[in-house]
Amino acid sequence: MSVVKINVLTVPAEQREVLEKRFASRAGTVDSSDGFEWFELLRPVEGTEQYLVYTRWRDEESFQAWMEGPMKAAHQQGGNEGGERPKPAASGSTLWSFEVVQQAGPKQG
């Protein structure tokens, strides 16, 4: 079964728009990665500053290959032509890992 990686990003209110714009500008970059199955950026509604970045992968090896390749390259690139990296929008990050043991979808009617 698949593996799920949830990156928990602590994002102060004044940085929310910055974070969302950065993800929007990179939309599609993970989609073609071998083993990639799903992505969602989840915005907190109330009571927390934590965004959840949900990705689902065929297996752990696919996730690790993406981390060491395309993801690493994207995060090392400079933000402007001056080559200076933009300040992170998140003030903290934690990665949660899960194996999918059960799943269900809508019934086809």
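Okay, let's start with Phe 36: its relative accessible area is 19%, so it counts as buried (under 20% relative accessible area, with exposed over 50% and partly exposed in between, 1.4 Å probe, protein chains only). Before I go on, this is a predicted model, where local features need pLDDT of at least 70, side-chain atom pairs count only at pLDDT 80 or more, and totals for chains, interfaces and linings use all residues. Residues are numbered from 1 along each chain as its sequence is written, and side-chain values use heavy atoms, leaving out hydrogens and water.

So what does Phe 36 touch, not counting residues up to four places away in sequence? Val 30, Asp 31, Arg 56 and Trp 57, with contact meaning heavy atoms within 4.5 Å.

Now the rings. Searching the whole structure gives 5 aromatic pairs (Phe, Tyr and Trp rings, the six-membered one for Trp, with centres within 6.5 Å; planes under 30 degrees apart are stacked, over 60 edge-to-face, the rest tilted). Phe 36 and Trp 57 pair edge-to-face, at 5.5 Å centre to centre and 75° between the planes. Phe 36 sits in strand 2 (residues 36-42) and Trp 57 in strand 3 (residues 50-57), so this pair ties together parts 21 residues apart in sequence; strands here are DSSP runs of E, at least two residues, and helices are H or I runs of at least four, numbered from the N terminus. Trp 57 is buried too, at 0% relative accessibility. With Trp 66 it makes a tilted pair, 5.3 Å centre to centre and 35° between the planes. Ring pairs join Phe 36, Trp 57, Phe 63 and Trp 66 into a cluster.
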